[in-house]
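Visitor: I would like to learn how to read a structure feature by feature. Please take the general idea of each, then the case at hand.

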Amino acid sequence: MPQAIAWGISVLAGAGGTITLGMLVAAYAITLVGTLALSSYQKRKAERMAKAQFDAAQVDRLVNVSGTVAPRRLALGRLRTGGQVFYKASVGQYKELFIMCVALAEHEIDGIEQIYLNDQPVEVNAQGQVTTAPYGRPATISAEKQVPYGSLTVTLDFDPIPGSVSATESPPGQVGGHEVQCSVDGRVVTIIDPLPGWLLRVNYQYSGFNSFVRILSHLGSPDQPADWELTQMLPGTWTAEHRARGVAYLVCHFAYNDGALPSGIPTVTAQIRAAKLYDPRTGTTQFSENPALMMRHVLLHPQFGKRTSIRPSEDARIIAAANACDVGISYTGSDWVQMYRSAGIYLEGSPARDVLDDLAQSMAGEWAYAAAEFFVRPGVYQLPVMDLTEADLAVVQTDSEGSISQSAIRISPHRPRNEKVNTVAIRIWDQAASYVMTPITPFTSDALVAKDGAVLTQEVTMPGVFYAGQARHIAGIMLRDARDPLTVTLPFKLRAYPLELFDGVRLTLAHFGWVNKEFRILSRTFSPEGFVVLTLKETTAAIFAFGGAFPPEGYATNSNLPKPWDIRPPSIQTITSGESELIVQTDGTLINGVRVTWNPIADQSIVSGGQVEVRYRVLPDGDWISVFVPGDATEARFAGLPDLAVILIKARTRNSVASSDWSMQYQHTVIGKTEPPPDVENLTIAGSVLSWSLTRRVPDLAGFVFRFHYGQNLDWNSAAPLHDGLVTESPWEPETRPGGVVTIMVKAQDTSGNQSRLVGSVVMNLGDPPIANIVEEWDYKALGWPAAAGEQSGWTLVSGNPTANPLDSFYGSDAQAFYGGDTDPFYKAESYSEMVYVTTELPVSSALAGSIMTLLADVEGVDLRIDYRLAGPGVFYGPDADSFYGPDTDPRYGLAGDWMPWPGQLVVVNDVYQFRVIIGAGATRGILKGLAVTVDAPDLEELLPDVPISAGGTVIPYTKAFTKIVVVSATLQANASGAETIRIDKTNPLAPVIGAYNAAGTAVSGATADITIRGY
């Protein structure tokens, strides 16, 4: 069915709503009415007299106009407005009270949010009194309260001024009375010793205010009653029938006062939530700032669109537009509002197209009326609904007689300079300026100004916009849309018939170099010859993006045909060469890789059959080396460069006939295997088993390093090692472990020796290390704290324990931080020095193979550190070439070894050991309460099967090197000797004897037994 369009919605009201001959003449032409295009048409439209009158009505919205006859007004959205003063009167003995009724809107509104007097926002209380100076002033007000008969207390209505409360009593029905005593507690007054049966009154003063202006509001509901106060003050003039139903109005009372009203009656305006709108999405009618819903309201308004119903297809378009307007957005980074909102005051009788223009402009959209249907598109990107190709074109037509005709294709790729704009000077009803029509900062694109060579400004008034962020977003869409001006008019076969105005399509025409190029439909004409002529304008999603850039040539490429003389180099985005780029070769070795990435290339002459050439050279004097990848690639990779090599990288594109210029050159240092592995996470301990994980796979991971501190301390460099070499997998149980409260830390280490930047840690009380078979033990406290001469510092014996000396200095030891914890006091009442206790040399001679040495320390203080060193036979013998005897002055055992952190436990050898305990300086006094060293032999167990037993007993023939036998267990085997029991004789501890006995207890021979020996 052909579609027809009228020049605006107001045409529908002409001739009683019938379609005129003039409309039928234009039955096959669609005319677009929108607000995006910055063109001479918009300039001519702004000059029309009707539009000028319409804009003048907008500017006058903040005045009060007196008169009983005036055009009615439609108010939409949240706005500030004055109104029509339709009634005035003065009342009172001296006419000292002036009454004025101001109509805000000729329909019901949702609410009144703020009252303004002469552009000053004022506070209005529940009684309608204005409390803001100079219209309301503080005052001391007298009041009286009668005490309920028979009661002695009364609660006052207001807080009394201290000292102003008094009470009187008077006989019932008689004149006179006298004062009576009373007490006051807040608002409660209690009468003291009144005469029985007399009437009691309390007089007092309270702090209040005198208001010279009262404003009462009526929202214009269809059933609102007459103003009760007016009916009382103006009997016979203002009756119960003066209800002003369907009119939202204010009743303003002004009391005569020179100070409050020095310049006469102020202009009264109100910030209102205007008309309630029907929302087809929910089926409810409520206040809304959504411009799409406002359009629907205007279409159905009897004085504007004059429609009586909306078709389902129209509601579907309105719902889509409303949803787009409701999308949340932050224009400033701190707010969160709907993307598009609108507000306005419109005089009934104004052209409906002007109202729809303002509403469409407020959502950066377009509207049209075609074939008795309303079309609307909001200022957001809409996905294409159809793909069209050469096969859909109807350029050549053949009629029934065989005649061939050809339809013209019209393309307009550019916009003349006099229609170009790069700066938009905006005026809005600015919410931030109390909804006054205000010019905001012009919206300018520096990139467009530079391209155009001058500032090209167009003034744009946005009557339906009240938020500056939204206005700038609309201006940005206008500028970006204008820089993609390509339009094309093409004839299509009937496959394109279902398309509607503003639909998006993707068009592929190889002749013009268009591959899935996006357009939106500006007009649609159906030809009697059976084809559809569409006028299309190029578009893209980036046009509608908030905060988008302004490429001077636009976002949409006019043609994708190859331009070999104008190809561009790739835009290099990243250069990476760290751990993620390591390449594992077939033999397991690792080499460094470098990855260069760039943005996808759009030029089809490069993407299809072209190449990207990436060049690099190693500084300072390496040769340039090229790497080639296909034109549709977005990265290139090369390998074999050493760690920390400094290289230069650049790139260019090539098609079949030309090469682009080189891209910007970048310098890069190859990270390679110098990048540390990731930090260890989720370190936990269960019993003595440690578990952990890494955030990613590390190609060159060598293993993990564990260290520990006594107490809570995360200093990796001073921590004691928990093992030798590297730990290669999780979970892991240390061979030896420390005891007490410790901080265990771990770092990953790669094959180059790089370690994680941060430690994974766990703090836990591990308790005392397990000790089973004590071979040797030394208790230094029991030994009287023997100390190596010349190596002690900072302590004396106090109560039998090495105890830190008081420290008079304000500063602690050099190794400690100047500042303590956040909760520690800066000045301490007393502090103590660092103490160092070094044991005498401890020879160990009875250690068995695999014996474990454990050191247990009982201390008070902070920053505990325990070290040890070897000072004995382990270093007694030197190299074979050395003389056995050195100089006479040398010590017998040579010099002691270096101090090493105590690992908690270690596998001991027969040597001479020495220990050092350091307790840090601080407010907590260091005390060494106990220090014990034990050597714990490993458990031994041996199983001897089928040992023959003689009548005189058999010495158990074990083979392992037991130094102590703890348990011998034996199981008698089946035999013919008559033995029923066996006995173990351990008279000789290391030579136990086993014997077999019959039921009479007599030793027999010939029996055998399985024997298990446990000890160490």
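**Reading the model**

Guide: Arg 201 has its place in strand β15 (residues 199-211). Helices (H or I, at least four residues) and strands (E, at least two) are DSSP runs, numbered from the N terminus. This is a predicted model, in which local features need pLDDT of at least 70, side-chain atom pairs count only at pLDDT 80 or more, and totals for chains, interfaces and linings use all residues. Residues are numbered from 1 along each chain as its sequence is written, and side-chain values use heavy atoms, with hydrogens and water left out.

Visitor: Is Arg 201 buried or exposed, or something in between?

Guide: Buried means under 20% relative accessible area, exposed over 50%, and partly exposed in between (1.4 Å probe, protein chains only). Arg 201 is partly exposed, because its relative accessible area is 27%.

Visitor: Which residues is Arg 201 in contact with?

Guide: Contact means heavy atoms within 4.5 Å. Neighbours within four places in sequence aside, the contacts of Arg 201 are Glu 144, Lys 145, Gln 146, Ser 166, Ala 167, Thr 168 and Ser 170.

Visitor: Which side chain does Gln 271 join through a polar contact?

Guide: A polar contact is a pair of N or O atoms within 3.5 Å; within protein, one must be able to donate a hydrogen and the other to accept it, and residues adjacent in sequence count only if both atoms are side-chain atoms. The side chain of Gln 271 has such a contact, of 2.7 Å, with that of Glu 113. Gln 271 lies in strand β18 (residues 268-279) and is buried, at a relative accessible area of 13%. Residues that Gln 271 touches, beyond four places in sequence, include Arg 78, Ile 112, Tyr 116 and Tyr 435.

Visitor: What span should helix α6 have?

Guide: The expected span of a helix is 1.5 Å times one less than its number of residues. For the 14 residues of α6 (residues 312-325) that gives 20 Å, and the end C-alpha atoms are 20 Å apart, which agrees. Among the buried residues of α6 are Glu 314, Asp 315, Arg 317 and Ile 318. Their cover includes α5 (291-300), β21 (337-338) and β24 (373-377).

Visitor: In what order do the four strands of the open sheet with β41 stand?

Guide: Two strands pair if DSSP finds at least two bridges between them. The order is β42-β41-β44-β45, with antiparallel pairing. β42 (625-630) and β45 (666-669) are at the edges with a single partner strand each, so one side of each has no neighbour in the sheet. Between β41 (residues 611-618) and β44 (residues 646-654) there are eight bridges, and Gln 611 is opposite Arg 654.

Visitor: Which strands make up the open sheet of three?

Guide: The order there is β65-β71-β67, again antiparallel. β65 (940-949) and β67 (965-972) are the edge strands, each with a single partner. Eight bridges pair β65 with β71 (residues 1007-1015); Val 947 has Ala 1009 as its bridge partner in β71.

Visitor: How many helices and strands are in the chain?

Guide: The chain has 10 helices and 71 strands. Of its 1016 residues, 45% count as buried.
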